[in-house]
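Please open the model in a viewer and keep the selection panel at hand. The stops below proceed from one selection to the next, with a short account of what is found at each.

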Amino acid sequence: EMTEDLALAGRIHDWGKADKRFQAWLAGGDPLRARRLGLLAKSARIPEEAALLENARRLSRYPKGGRHELLSVRLAESMMPLLAKAHDRDLVLHLVGSHHGHGRPFAPVVFDDRPITVEVDWDGARAEVSSATGLEKLDGGVADRFWRLTRKYGWWGLAYLETCLRLADHRASEKPTVRGKEEL
């Protein structure tokens, strides 16, 4: 059951990258180029130099410090058919939200002063949520979920499960791209 929940979290952990501003950021700040490229999870085209990277983020209007994983959690939460497949709903949502090391126990504060609606389709179902997730709030559910899971799996058990997803993501990122694109 844990393996199935890890696999489910792995399939959905990057849904938040469907934010068109994130996609434009991956395309160097160019929303038209982002549309032409299709949905990307990573991009070799994103600048490595800090000033160029920041300029691409600013051009894309992606919020400074934005976290795609928080948006992935909100999208998953709104997809009831998806969550029905989880053996441990809390575990799947936590793994999605913590796959870059945040949410242990608090989600980072992100100011999205121009929130947009982000949508994903999955297995015939559609989720639409605001990019302003609210998960950084104390009552956003992230910390409560973390403590429930820590009590259930233990300090090391939960950290182990997080590590499994994170390392699987790293290994998947090392694989060659599909049809010349780095797809979600």
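Contact here means heavy atoms within 4.5 Å. The model is a predicted one.

**Stop 1**

Select Leu 75 and display its surroundings. With neighbours within four places in sequence set aside, Leu 75 is in contact with Trp 15, Gly 16, Val 118, Glu 119, Val 120, Ala 127 and Val 129.

**Stop 2: helix α7**

Select residues 89-98, which form helix α7. How many of the 10 residues of α7 are buried? The count is 9, so the helix is largely enclosed by the rest of the structure. The buried residues are Asp 90, Leu 91, Val 92, Leu 93, His 94, Leu 95, Val 96, Gly 97 and Ser 98. To see what covers them, show α1 (2-12), α5 (68-77), α6 (80-83), α8 and α9 (155-174), which are included in the cover. Then zoom in on the start of α7, where a side-chain oxygen of Asp 88 comes to within 3.2 Å of the backbone nitrogen of Asp 90.

**Stop 3: the packing of α7 against α8**

The crossing of α7 and α8 is left-handed. On the α7 side, display Asp 90, Leu 91, Leu 93 and His 94; on the α8 side, they meet Arg 145, Phe 146, Arg 148, Leu 149 and Tyr 153. Sorted by class, this contact consists of 5 nonpolar, 1 polar and 3 charged residues.

**Stop 4: Arg 166**

Move to Arg 166, which is located in helix α9. Is this residue, Arg 166, buried or partly exposed? Its relative accessible area is 24%, and Arg 166 is therefore partly exposed, given that buried means under 20% and exposed over 50%. Residues up to four places away in sequence not being counted, Arg 166 touches Ser 98, His 99, His 100 and Gly 101. One distance to display is that from a polar atom of the Arg 166 side chain to the backbone oxygen of Ser 98, which is 3.0 Å. A C-alpha to C-alpha distance may also be drawn from Arg 166 to Lys 85: the two are 21 Å apart in space and 81 residues apart in sequence.

**Stop 5**

Select residues 50-60, helix α4, and pick out Arg 57. Arg 57 is buried, at a relative accessible area of 11%. Apart from its neighbours within four places in sequence, Arg 57 has contacts with Trp 25, Tyr 62, Pro 63 and Lys 64.

Ser 60 also belongs to α4 and is buried, with 6% relative accessibility. Its side chain reaches the backbone oxygen of Arg 21 at 3.4 Å. Not counting residues up to four places away in sequence, Ser 60 touches Arg 21, Ala 24, Trp 25 and Gly 29.

Now select Arg 61, in the loop between α4 and α5. Arg 61 counts as exposed, at 57% relative accessibility.

**Stop 5: backbone geometry**

Most residues other than glycine have a negative phi, and most peptide bonds are trans. Arg 61 has a positive phi, near 70°. Asp 123, in the loop between β1 and β2, likewise is not a glycine and has a positive phi of about 50°; Asp 123 is exposed, with a relative accessible area of 64%. Finally, select Arg 104 and Pro 105, which are joined by a cis peptide bond with omega of about 10°. Pro 105 lies in the loop between α7 and β1.

Methods. Residues are numbered from 1 along each chain as its sequence is written. This is a predicted model: local features need pLDDT of at least 70, side-chain atom pairs count only at pLDDT 80 or more; totals for chains, interfaces and linings use all residues. Side-chain values use heavy atoms; hydrogens and water are left out. Axes are lines fitted to C-alpha atoms, for helices over the stretch in contact, and angles run from 0 to 180 degrees between N-to-C directions. Helices (H or I, at least four residues) and strands (E, at least two) are DSSP runs, numbered from the N terminus. A crossing is left-handed if the near helix is turned anticlockwise from the far one by less than a right angle, and right-handed if clockwise. Ala, Val, Leu, Ile, Met, Phe, Trp, Tyr, Cys and Pro count as nonpolar, Asp, Glu, Lys and Arg as charged, and the others, Gly among them, as polar. Buried means under 20% relative accessible area, exposed over 50%, partly exposed in between (1.4 Å probe, protein chains only). A polar contact is a pair of N or O atoms within 3.5 Å; within protein, one must be able to donate a hydrogen and the other to accept it, and residues adjacent in sequence count only if both atoms are side-chain atoms.
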